[in-house]
Amino acid sequence: MGMERVDKIINSDYELGFEIDIEEEKAPPGLSEETIKFISRKKGEPQWMLDLRLKAFHAWQKMEEPHWAKVTYPPIDYQSISYWAAPKKALESLDEVDPEILRAYEKLGIPLEEQKALAGVAVDAVLDSVSVKTTFVEELRKLGIIFCSISEAIRDYPDLIKKYMFSVVPMTDNFFAALNAAVFSDGTFVYIPKGVRCPMELSTYFRINAQNTGQFERTLIIADEGSYVSYNEGCSAPSRDENQLHAAVVELIAHRDAHINYSTIQNWYPGDSEGRGGIYNFVTKRGLCEGENSKITWTQVETGSLITWKYPSCILKGDNSVGEFYSVAITRLAQQADTGTKMIHIGKNTRSLIVSKGISAQKGQNTYRGLVKIHESAEGAKNFSECDSLLIGDRCGAHTFPYLESRSASAEIEHEATTSKISEEQLFYLRQRGIGEEDAVSMIVHGFCKDVLSKLPMEFAVEAKALLDLTLEGAVG
Amino acid sequence: MKKSMEIRDLHGEINGKEILKGIDLDLLEGKVHAVMGPNGAGKSTLSKAIVGHPDVEVTKGEIIYKGENIVGLEPEERALRGIFMAFQHPVEIPGVNNAYFLRTALNAKRKFLGLPPLNAAEFLRLLREKIRELGMKEEMIQRSLNEGFSGGEKKLNEILQMEILQPDFVILDEIDSGLDIDALKRVSDAVNKMRDGKRTFMIITHYRKILDYIEPDYVHILKGGQVLETGGIEIVDALEREGYKIFGEEQ
Amino acid sequence: MRPIDLDLNTFPEKKAIVQKLRSMGMPTPKTEHYRYFGIRPILEREYTLRLPERVPVEASDSIEIVDGVVTKAPEGLFIEYLPQVRVDDSHYDQVYYINHLLTPMVVSIELEESGELRIVHKFTQNNTFTPYRLKISVSPKQKVKILEETVVVSESSLYFYGYDMEIGEESRVTFISSRITHIHQFALFGSHSISVGKGGEFHLYTFDLGSGRTIHNYHTILHEKALNDNNHILFSKGEGRLGNTFHIEHRGKESKSLQLSRNILKDRGRGIFDGLLIVKNPAKYSSIFQDSRTILLNSGPFMVSKPQMEIHTEFITEATHGSTTGHLDGEALFYLRQRGISLEEAKEMLVLSFLDEIFQKLGDEEFRREFITIYEENR
């Protein structure tokens with residue numbers, strides 16, 4: 001395939017790169033105890049929450065930014081970032097939502113009203129930190145399901161928050177998790193009571209809007225015994241000249257027989273071909289399969305961000321619990337992604353499955369980094385991992401770094417990985433059948449990602465496929 | 001008689017090495033042309049040059065098809081004009097569903113012909129019918145393209161695609177290789193059914209066997225990148241008796 | 001001295017190495033390739049530094065190195081003692097540089113003709129820390145076989161050693177190394193740098209066995225059409241920690257590397273397979289392959305397998321790796337027992353069949369028998 005062609009195809013403009021023009025209220029840049037008190041005050045938090053934030057902040061001050069990932073970027077000046085931005089108006093009902101915001105969501109393809117009517121998706125949209133609107137809350141409440149912003153949860157459900165927040169990702173787990181714990185602005189809280197199957201897909205759309213603001217959202221999902229929930233998260237950010245930091249934390253807890261499905265489409269601004277303006281995405285996502293027979297499934301489609309540092313993980317504590325990780329990561333332009341998962345087997349007969357598909361194009365660097373750790377207690381545990389990489393163009397890189405640790409003689413780990421380019425034979429075969437080059441490449445890439453895309457909920461899968469084509473637009477892949 | 005394809009003084013290189021050294025060949029509409037020759041004669045290179053495979057660089061000459069020189073056209077442009085190649089080694093494409101692929105190809109062709117696309121249901125009906133005719137297993141609709149197919153299944157799948165796409169000019173590239181006698185018969189029957197007096201076939205083969213099942217109208221012997229001899233089935237008989245040496249081959 | 005406290009200011013004559021080590025820092029428990037080996041208790045211990053000296057060499061059919069001192073060598077073999085040799089400037093192992101810093105003279109051997117060389121390392125001291133190094137240069141178009149053996153009688157000591165090997169164009173080196181140790185307090189760090197010239201081949205067979213602590217770090221550089229074929233058998237038992245780590249760097253086009261690793265672990269034994277295959281952008285049409293398999297014979301051992309690839313060109317001919325960690329196949333065990341074979345014997349058969357691929361490749365029946373005897377004595 002001609003390089004020019006591929007370049008043209010991959011060089012599509014960032015379609016979501018528009019800016020919403022609404023008045024912002026922003027904290028002055030810088031991070032100190034004062035900033036944290038400011039955030040906590042703005043959010044009207046109880047003292048115990050502020051105390052936790054300060055504790056995290058003091059721990060963070062003593063920590064060092066990690067540099068083991070295969071990504072390079074100029075040093076981040078944590079004092080030049082603004083840690084708080086909220087739309088000025090307080091919004092209570094959908095009618096009060098700024099039409100600008102609603103229009104923006106429409107552009108993003110998530111009109112609240114439409115989603116409500118058509119898909120039955122309850123959307124908790126987070127625009128620069130504050131939860132703008134929560135829909136469907138009432139309907140869900142009838143089932144005992146709590147679906148609200150994390151700020152509301154701190155106010156209304158302090159017992160749940162105190163019990164579960166930081167229980168899976170301790171506040172000092174890592175540098176970025178500690179930073180998040182100190183300054184998190186908002187996020188989503190979900191609680192599914194015993195035996196309840198959440199009847200609809202829950203969804204949150206994250207979007208970074210204000211310049212120079214970091215986005216530090218925090219998500220906590222608790223699935224009580226025998227419950228089920230499927231949660232979708234989508235992310236995007238407008239084009240910028242300077243890089244922005246995003247350091248989110250997600251904690252999932254699945255009790256006995258519970259199942260949590262967590263899907264992400266990450267489409268933050270990737271920056272330009274020189275890496276200007278892209279998002280730094282340093283995310284800690286971890287799920288705890290606390291009870292027997294519980295299950296957590298992570299599915300991610302990562303097409304955006306300049307730097308991605310992200311390892312959605314499962315701690316398989318309950319006997320017979322299951323962890324799954326399905327990932328498609330595309331890096332093009334100057335993007336660098338270091339992503340993968342950790343599967344920690346503790347309980348007996350625990351199972352984990354890892355399917356990772358990396359695609360590198362242009363100057364993109366794509367790294368799979370994954371840990372499978374089988375403790376001595378995990379009798380009969382099983383893991384299977386499959387990590388494939390596809391290279392498009394000769395300036396990109398594909399890297400595979402698995403860590404496979406086993407201490408159990410009755411356990412089995414199996415890992416396979418291949419790296420290849422789109423073969424000329426495959427391309428030619430399709431073209432000989434009359435399929436144009438762009439469509440042929442797109443077909444091969446979709447085929448390559450199929451095992452992951454098929455795991456996404458229906459509406460999300462459609463979006464992911466469209467996004468994949470958009471990313472590879474011109475439209476090869 | 002009307003020519004379907006006219007190849008004039010065709011020179012072609014692979015990796016800078018000239019393989020085709022002035023091929024002249026007329027392929028007549030509705031006829032079956034067998035192209036034979038020893039290893040390295042240029043048979044596969046010729047077929048690759050016709051379908052526009054990137055490995056072959058045509059340095060001189062013309063391939064006139066339906067009155068148009070197709071040298072320089074993209075592979076898919078040639079395909080849409082009705083040229084179909086049944087590959088010797090059909091490539092496996094993981095994750096790409098057989099039916100989805102074939103519908104995309106068919107609708108590309110229908111678009112080219114100015115016809116509306118077939119929807120999934122219409123297409124499936126057509127596909128099922130053809131699969132039944134060919135005596136194939138229906139489950140292969142849902143499998144990935146050529147993935148995990150046996151040698152015979154792959155060749156049958158090539159024929160299935162041919163049935164669906166209804167090309168005007170068909171190249172069968174060593175379709176007989178790796179087939180047992182039953183599979184060879186099934187493939188040949190399917191090909192014979194498609195002989196309708198208008199469709200042109202070019203059968204590339206090393207062995208005579210397949211020509212017992214698909215009787216050629218003309219046989220061309222290739223050697224050293226040129227057409228050495230053209231005749232009827234009788235030259236194959238001579239070949240069987242004497243080997244390629246009667247055409248100057250020293251083996 | 002404590003190796004971790006090494007004062008870099010005391011080596012003014014080895015500026016480049018000091019500078020390199022300064023930029024890398026001293027190895028820590030977090031250093032990627034030592035992460036699972038546990039270097040802290042080893043490098044923080046107090047040892048008596050014992051630098052090897054030069055002594056008169058006795059004629060023998062093999063090279064014998066006792067605590068870093070060459071005591072025997074075949075007649076006619078030209079050995080030089082060089083205060084400094086050219087150092088690999090892109091090794092990933094800090095110990096490689098520490099070893100070069102501390103080694104007063106490198107034992108340098110030039111192999112200009114095809115042939116076989118046997119090298120026996122003996123470790124006899126207690127509570128000492130001994131660094132030494134060898135340099136082997138193989139002239140172009142030769143076929144050389146090197147057999148390496150270790151004999152450990154030392155109770156508690158630390159040794160740093162390693163080869164700087166230069167393999168000439170179109171030469172083929174087969175290096176067979178058996179490293180057997182049963183002494184828990186004994187630790188051996190091997191840090192090797194191998195450069196394979198155009199069209200050259202380096203075939204490495206390692207047999208690590210026992211309950212001591214050994215780690216070998218190989219940095220291999222492959223030039224155009226060069227081949228690195230690595231085969232490892234590892235049997236770790238008791239409190240043993242045995243590991244092999246690699247950075248195999250493809251620099252020239254059409255170069256090829258493959259790695260087979262077969263590991264058997266029991267008791268609290270630990271096994272480390274950590275192989276990174278790097279294909280640089282100019283190394284187009286290269287192929288890489290890794291296959292690591294492990295059997296844990298009981299609960300308690302710890303296997304770490306890190307098959308890794310780093311690829312910087314689209315034009316890659318093959319890039320595949322796989323790793324499995326599991327146990328003996330229950331069905332197969334049952335089948336054998338149903339035929340009247342005892343459980344122990346059946347296990348034995350399956351373990352040996354598991355290792356067979358590597359012995360097949362080596363194609364040395366005598367060595368195979370020898371190894372199996374050793375294995376049976378030590379299992």
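Predicted model: local features only at pLDDT ≥ 70, side-chain atom pairs only at ≥ 80, totals over all residues.
B:Q161 belongs to helix α5 (residues 151-165) of chain B, a helix being a DSSP run of H or I with at least four residues, numbered from the N terminus. With a relative accessible area of 0%, B:Q161 is buried (under 20% relative accessible area, 1.4 Å probe, protein chains only). Setting aside residues up to four places away in sequence, B:Q161 touches A:Y429, A:R433, B:F84, B:F101, B:L102 and B:L145, contact meaning heavy atoms within 4.5 Å.

A second residue of chain B to look at is B:E76, which lies in helix α2 (residues 75-80). B:E76 counts as buried because its relative accessibility is 9%. Its side chain makes a polar contact with the side chain of A:R431 at 2.5 Å, and also reaches the backbone nitrogen of A:E437 at 3.2 Å. Beyond its neighbours within four places in sequence, B:E76 is in contact with A:R431, A:G434, A:I435, A:G436 and A:E437.

Residues are numbered from 1 along each chain as its sequence is written, and chains are lettered from A and ligands numbered from 1 in the order in which they are written. Local features need pLDDT of at least 70 and side-chain atom pairs count only at pLDDT 80 or more, while totals for chains, interfaces and linings use all residues; side-chain values use heavy atoms, with hydrogens and water left out.

Note on methods: Helix = DSSP H or I, 4+ residues; strand = E, 2+ residues; numbered from the N terminus. Buried < 20%, exposed > 50% of the residue type's maximum accessible area, 1.4 Å probe, protein only. Polar contact = N/O pair within 3.5 Å; in protein donor to acceptor, adjacent residues only side chain to side chain.
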